[in-house]
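Please look through the sequence and the structure shown below before reading the short report that follows them.

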Amino acid sequence: MFRDDYKRVNDGIHPDPELLERIRQRGAKRGTAWIWKAATIASACAVLVMGFFLVLPSLKADKAVPESTKDFAMESCEESAVVTEGAFDMVVESDLGIAPAESYSEIFALLSSGRDYAEGDVAFNDSNELVMDDGDLPTGMLQPETPALDPIPTDEAGAGGETLEGASDKNYSGTNTQVAGIDEGDIVKTDGDYIYIIKDQQTLYIVEVNGSEMNVASRTSLFENGGSLFVEDDDGKSYYNENRFALELYVYHDKLAIVVNNSYDGQKYVDGQESWYYGNDSSVLIYDISDRENPAVENELMQSGLYVDSRMVGEMLYVVSSSYVCLDYGINEDEPMGYCPVYRVNGGEKTVLDCSDIYVPKEGTAESFTVISCVDVKDNGGYSSIKASLGGSCDIYCNGDKLLVMAENYESQTGDELTDGQGRSYIERSSYTSTSFLLFELGTEIELTAQGEVRGSLLNQYSVDMEGGYIRVVVTRDESSTTIYTEGIDSYEYSSLRDNCLYVLDESFNLVSSIESLAEDEIIRSVRFMGDTVYFVTFRTTDPLFTVDLSDPAAPKVLSELRIDGFSSYLHSYGDGLLLGIGYNADADTGAVTGVKISMFDISDPNAVFELFRMSVDANHTIASENYKAILVDAQKNIIAFPAEGNYYIFSYNADKGFELESTIALSDDDCLGMSDARGLYIDEVFYVVMAERIVALDMSALSLTASLDYAKDN
Amino acid sequence: METVRKIEPSLPPAPMSLEALYYEYSDMLYRLALVRTRNRQDAEDAVSEAFLRCIRKNPKFENAEHQKAWLITVTINCSKSIVTSAFRRHTATEDPTASVCDPDRDENGVYAAVLKLPEKQRTAVHLFYYEGYSVLEIANIMASPESTVKSWLFRARQQLKEMLGDNGYV
């Protein structure tokens, strides 16, 4: 019946008869990325976007957005923003009095206070994704035993190659990381003799490579049943769903670490009441790969929370996760397992973190924990250290000695109803974004040493840097205020302020210096700290590339501001006096993005930075603008390589002629639809492009194809 | 009316012109996009982009089913970009059903109920109940685990039952 009715309604739906003609016209004007135009307009409302997302947790997806939120957003897009002078106050906060908790009840009290959203309301956004991260399973909930970890090595093909002890003496590329020497996880890695690949978040491939000879050494299914488990009871009233995804890998000599996110959700009836629960935890699987043909799982370490990010310093792997706490479903203070982060070693019992390992502020509220752990990949008996702090997390920065965890906050205040001079009732509402920081000292024990907060929000991890005892950060500040007249039909007056700032802070988060009010109404598109200088790009319709001198932390100076069309989403040093930008061309009048471009800037005179060369790439979009790990840049080898739309591009740069397109490798359909997981790497004189199904080898000097391997052919 | 090409399901389809693609697939893709975006304009944008990508890329399809699945996946991806664009969120109509389909036709309110489901659930419902894909096929199209598709359908059915009455209707 449902099916019939639903079919009948659908059968009566047809597109506008003019649609075909409109597609023809759009096809003729190829080159303008229409999706991104919409995104550009949307970015003008970013403050409200955030407001919207954060309002949402209190709503169910199927409820209408309140009229006020909607109008608030509409107006802001239509009206030009009114700048309010002096709207920013309280720029930086430090020393929030955070310390290890003395008791679990202290933690419980902080979690319980200030929870004002409706009890039992499940927070969905429109995409059916949970807006709030995560929580461990409430105690007493049905949770099937995690399937025993049993990797299934198959396809033990390949000749028995030599397994080298220790690092290869070959010259090979690593993952594109923010800080030299601090490794970041990725789906493809090499150690010079092998290429390690995580395919479809489920399977580990180890491919032996020697020049253009490539052989699959092993294929290991990381989880049973493709990492999926769905259990439904007979009456169709309750279920449990669990999925495991291998996200990133690290290689350390004969050890391989895989970072896994486990997400679960389920529904059950408790005392006749339907209850729905969900959560995530993050695992590290450590494999002994001394025999590359038979990777053997050695250990599995699990910590609460959705995986945020990780770094590897030597053999020490640091994993950060964010664990949302559901306080519904009868969680009680006496059972910390129900509300505090837990960990598990090798399928053993879950252990709740000791309260003294959980940092809490003296007051305030929080709904999630940041969990940070340290694993010795070489000698992995368990967690070397695991700590948690109240508060969320979204990005991390690590320089080897210190690790910064950043979280974005949105704060809004609504005043009481007041009456203005003309006798009209109104309510004032103001909001702003801020970024909070946790600074951890790394070592055998992870220690939280400071916490602070700045106004404004980060673009990504590249917005933050530490050097010489100073934390430097570039943010976009957004502030808005609304006056809502409440008589009759509500009417609104809206003002907003957006600008960009640089803050220099000491390691206790005291403000040392700042440059404020840069590029009003624009947002940051890319940031790169390079020693005493920071380069960043802001954009609305054109791209100012700012160069700021930080050599005197107490007095940073803007040295130059270069305005060109389009913008760079990623900046990378390209040898002496050169800075590479990967980004988009844009229409100088409208800001509409028209396609991918690469630019080379001359930064030899920081007071007069200019664009030397620019090349347009035949693509509307590149994943490289969002995922920097998809980029390979090596100035010494003279390689600039990244995937864009249907191809993997390899460029070189010549001081006289500018960029030259050296090679274009067509990605398979799977790569394109999956927004491309292609990675480039080199080992000595061979360049490899690893795609979803195949690896191709190119000769480095000619960049001509020499071999191809369908490594996932029999999958 | 231009010529409508008949497609042999098992054979690799010959490269098709925009017009041929349009007549073969526009209704099917538009209905899917509409369920996802709940907005005629956005649905048309997503369908347009799917056709343009197909023409531009001219992928090699194994057979007509492959072509159809490819177009569906691209339409899903394109309507995702639009739906997640916050600007569209804010400008979307408050009650999407009225503008999306003729209320007289939807006398039992099933279409309106489906539109009230979260995006992934309503996509899975559409592919399952309207296009007749299996859970496994939907999992491949939506690049999600099979168990997750089951969980979407499970929750969708429950909510539909709640909205439409619990008489074994769904």
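E645(A) takes a positive phi near 45 degrees in the hairpin of β38(A) and β39(A), which has two residues between the strands. This is a predicted model, in which local features need pLDDT of at least 70 and side-chain atom pairs count only at pLDDT 80 or more, while totals for chains, interfaces and linings use all residues. Residues are numbered from 1 along each chain as its sequence is written, chains are lettered from A and ligands numbered from 1 in the order in which they are written, and side-chain values use heavy atoms, with hydrogens and water left out.

Strands (E, at least two residues) are DSSP runs, numbered from the N terminus, and two of them pair if DSSP finds at least two bridges between them. Both pairings of β38(A) are antiparallel, as the table sets out.

| β37(A) with β38(A) | three | L632(A) |

In the hairpin of β37(A) and β38(A), which has four residues between the strands, N638(A) takes a positive phi near 60 degrees. Six of the six residues of β38(A), 639–644, are buried, meaning under 20% relative accessible area with a 1.4 Å probe and protein chains only.

K629(A), in the loop between β36 (610–616) and β37 (632–634), counts as buried because its relative accessibility is 15%. Its side chain makes a polar contact of 3.2 Å with that of E248(A), where such a contact is a pair of N or O atoms within 3.5 Å, one able to donate a hydrogen and the other to accept it, and residues adjacent in sequence count only if both atoms are side-chain atoms.

Notes. Buried < 20%, exposed > 50% of the residue type's maximum accessible area, 1.4 Å probe, protein only.
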